[in-house]
Amino acid sequence: MKKKALKFGTIGFLFGCFAYLLFSILVSLRMNTGDFYFVLPALKNEYSSELLAAIVQIAAFTWLGIACGIAYMFSENVELGPIKQGAGYLVSLTMGILPLAWTGQWFKHIFIGIFSYIIIVAIISLLLFFIGLAKLKCDVNEIRQAIGIGEEVSNEKI
């Protein structure tokens, strides 16, 4: 279980780095000034330097990525019961969103924070669902090829 958590956490870390880069590009496009914003301007104003703000923002995204990887591990673990799977999934996602909530100062606006939490969890869950669905389709195709069932059988009605 620890090896799996490390594997999925590492993959999640890489996706968190990618999400941070994508977020920075989207913020830069949204600002429409022609400059690249490495960190949110509001976050830069909160911290003493832009470098510290960038470190905090990168750490929040990578921590969220690690938590998403571990949440995916819980959703894939069939040895656990459904209640333990769901609880592990939600706890790991919540632990991943906490640094984002603190960085974004959701505690100042509780209703915005609650709705942001719900929206982020829903989007992450939807992405993880599609990743699991694609993985399941690949596994089914490998099983079909291994037992020799071709495309002609899959199109017939049984």
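Student: Let's start with the biggest opening; what volume does the largest pocket have?

Tutor: In this predicted model, the largest pocket has a volume of about 1,100 Å³.

Student: How many residues line the largest pocket, and which lie nearest its centre?

Tutor: The lining of the largest pocket is made of 33 residues, and those nearest its centre are Ala 19, Phe 61, Leu 64, Leu 100 and Ile 124. Two or more lining residues come from each of the helices α1 (2-31), α2 (41-46), α3 (50-76), α4 (82-103) and α5 (110-147).

Student: Which element gives the largest share of that lining?

Tutor: That is α1, which gives 10 residues, the largest share of the lining of the largest pocket.

Student: And how does the lining of the largest pocket divide by class?

Tutor: Sorted by class, the lining of the largest pocket holds 24 nonpolar, 8 polar and 1 charged residues.

Student: OK, what about the second largest pocket, how much space lies in it?

Tutor: The second largest pocket holds about 160 Å³ of space. Its lining consists of Thr 94, Ile 97, Leu 98, Ala 101, Trp 106, Phe 107, Ile 110, Gly 113, Ile 114 and Tyr 117, with α4 and α5 each supplying at least two of the lining residues.

Student: Which classes turn up in the lining of the second largest pocket?

Tutor: There are 8 nonpolar and 2 polar residues in the lining of the second largest pocket, and no charged ones.

Student: Switching to helices, how do α3 and α4 pack?

Tutor: The axes of α3 and α4 are 8 Å apart, and the two helices pack at an angle of about 175 degrees. Because angles over 145 degrees count as roughly antiparallel, α3 and α4 are roughly antiparallel to each other.

Student: Which residues in α3 and α4 meet?

Tutor: From α3, the residues include Val 56, Ala 60, Trp 63, Leu 64 and Ala 67, while those from α4 include Gln 85, Gly 88, Tyr 89, Ser 92 and Leu 93. Taken by class, the residues of the contact of α3 with α4 are 15 nonpolar, 6 polar and no charged.

Student: You mentioned Ser 92; is it buried or exposed?

Tutor: Ser 92, which is found in helix α4, counts as buried, because its relative accessibility is 9% and the cut-off for buried is under 20%. Not counting residues up to four places away in sequence, Ser 92 touches Ala 67, Ile 70, Ala 71 and Phe 74.

Student: Then there's Ser 24, buried or exposed?

Tutor: Ser 24 lies in helix α1 and is buried, with a relative accessible area of 1%. Once its neighbours within four places in sequence are left aside, Ser 24 is in contact with Phe 36, Tyr 37 and Phe 38.

Student: What about Phe 18, buried or exposed?

Tutor: Phe 18, which lies in helix α1, counts as exposed, because its relative accessibility is 51% and exposed means over 50%. Phe 18 and Gly 65 are 47 residues apart in sequence, and their C-alpha atoms are 9.2 Å apart in space.

Student: How far apart are Gly 104 and Asn 141, then?

Tutor: The C-alpha atoms of Gly 104 and Asn 141 are separated by 43 Å, with the two residues 37 residues apart along the chain. Gly 104 is found in the loop between α4 and α5, and at 45% relative accessibility Gly 104 counts as partly exposed.

Student: Last one: what is the phi of Asn 32?

Tutor: Asn 32 has a positive phi of about 55 degrees although it is not a glycine. For background, most residues other than glycine have a negative phi. Asn 32 is found in the loop between α1 and α2, and at 67% relative accessibility Asn 32 counts as exposed.

Note on methods:
Residues numbered from 1 in each chain as written. Predicted model: local features only at pLDDT ≥ 70, side-chain atom pairs only at ≥ 80, totals over all residues. Heavy atoms only, no water. 1 Å grid on protein atoms, 1.4 Å probe; cavity = no way out; pocket = protein on both sides within 12 Å on 5 of 7 lines; lining within 4 Å. Points joined across faces, edges and corners; volume = space filled by probe spheres on them. Helix = DSSP H or I, 4+ residues; strand = E, 2+ residues; numbered from the N terminus. Nonpolar A, V, L, I, M, F, W, Y, C, P; charged D, E, K, R; others polar. Buried < 20%, exposed > 50% of the residue type's maximum accessible area, 1.4 Å probe, protein only. Contact = heavy atoms within 4.5 Å. Axes fitted to C-alpha atoms, helices over the stretch in contact; angles between N-to-C directions. Parallel < 35°, antiparallel > 145°, perpendicular 65-115°, else oblique.
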